[in-house]
Amino acid sequence: MHSIADSALTEAKIASLIERAHAYPWPEPFQSAMLLAFERRDFNGILLKEYVPEGLVNGRMALVGDAVHLATSWTGMGFNAASQDVLILAEKLAAGDLAMSGVLGQLLAYEAERLVKVRALVQGGQRFTWEFREE
Ligand SMILES: Cc1cc2nc3c(=O)[nH]c(=O)nc-3n(C[C@H](O)[C@H](O)[C@H](O)COP(=O)(O)OP(=O)(O)OC[C@H]3O[C@@H](n4cnc5c(N)ncnc54)[C@H](O)[C@@H]3O)c2cc1C
């Protein structure tokens with residue numbers, strides 16, 4: 001559920017990672033860099049979780065940020081995208097009629113402006129992640 005520091009892993013786990021890193025055909029300089037990091041006990045493990053949203057809004061509910069579009073941290077854009085969601089949602093709500101029928105339209109306007117962009121963000125990260133997949 002969270003990133004993991006080198007100090008959180010047992011020696012047996014690190015030994016097993018070193019063994020796997022030796023066995024996997026990583027191209028250089030990545031294999032040497034990885035082995036050095038394991039040997040020096042100087043690395044962080046991060047989860048590769050991602051999902052591409054089909055929508056951001058359902059009736060009276062709108063989601064923002066990682067709750068609705070989780071991109072791998074490689075993109076370096078998740079916080080940026082979450083902040084933009086909030087700004088655009090606030091702009092839409094400030095501009096609209098706050099009767100319930102108006103709010104629903106403003107939520108859909110938020111979705112229309114953000115959905116394509118956040119899908120593209122997650123999919124961009126996925127293409128990169130897939131290059132590292134073990135068969
Ligand atoms: C290693 C790493 C590097 C990253 N680098 C970058 C970067 O360089 N640039 C960038 O833009 N983004 C980066 N990101 C992504 C960025 O951190 C996230 O996209 C961003 O924090 C999402 O914000 P959020 O508010 O949507 O969700 P979160 O930051 O996950 O906030 C959700 C909060 O809700 C809390 N919560 C969860 N469940 C409950 C519950 N049931 N009740 C109450 N509270 C709950 C959680 O504890 C958390 O505090 C990185 C992510 C990682 C993991």
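Buried means under 20% relative accessible area, exposed over 50%, and partly exposed in between, with a 1.4 Å probe and protein chains only. At 15% relative accessibility, glutamine 31 therefore counts as buried. This is a predicted model: local features need pLDDT of at least 70, side-chain atom pairs count only at pLDDT 80 or more, and totals for chains, interfaces and linings use all residues. Residues are numbered from 1 along each chain as its sequence is written, and side-chain values use heavy atoms, with hydrogens and water left out.

**Domains**

- The chain splits into domain 1 (4-45) and domain 2 (57-130); the bounds come from an automatic or database domain assignment.
- Between the C-alpha centres of domain 1 and domain 2 there are 36 Å.

- Glutamine 31 sits in helix 2 (residues 30-39). Helices (H or I, at least four residues) and strands (E, at least two) are DSSP runs, numbered from the N terminus.
- A polar atom of the glutamine 31 side chain lies 2.4 Å from the backbone oxygen of alanine 21. A polar contact is a pair of N or O atoms within 3.5 Å; within protein, one must be able to donate a hydrogen and the other to accept it, and residues adjacent in sequence count only if both atoms are side-chain atoms.
- Glycine 102 belongs to helix 4 (residues 100-130). Its relative accessible area is 14%, so glycine 102 is buried.
- Glycine 102 and asparagine 58 are 44 residues apart along the chain, and their C-alpha atoms are separated by 15 Å.

**Salt bridges**

- The whole structure holds four salt bridges. Each is a side-chain nitrogen of Lys or Arg within 4 Å of a carboxyl oxygen of Asp or Glu.
- Arginine 119 is partly exposed, at 26% relative accessible area. Glutamate 54 counts as exposed, at 70%.
- Aspartate 85 and arginine 114 form another salt bridge, with the closest N and O atoms 2.7 Å apart. Aspartate 85 is in helix 3 (residues 78-95) and arginine 114 in helix 4, so the pair ties together parts that are 29 residues apart in sequence. Both aspartate 85 and arginine 114 are buried.
- Lysine 92 bridges to glutamate 113, with the closest N and O atoms 2.8 Å apart. Lysine 92 lies in helix 3 and glutamate 113 in helix 4, so they tie together parts that are 21 residues apart in sequence. Glutamate 113 counts as partly exposed, at 29% relative accessibility.

**Ligand site**

- Around the ligand stand Ile46, Gly65, Asp66, Ser73, Gly76, Met77, Gly78, Phe79 and Asn80. A residue is near a molecule or strand if one of its heavy atoms lies within 4 Å of it.
- By class, this shell has three nonpolar, five polar and one charged residues. Ala, Val, Leu, Ile, Met, Phe, Trp, Tyr, Cys and Pro count as nonpolar, Asp, Glu, Lys and Arg as charged, and the others, Gly among them, as polar.
- A backbone N or O atom of glycine 76 lies 3.0 Å from a ligand nitrogen atom.
- Taken alone the ligand exposes 1,000 Å², of which the protein buries 31%. Accessible areas come from the Shrake-Rupley method with a 1.4 Å probe; for residues, only the protein chains shown count as cover.
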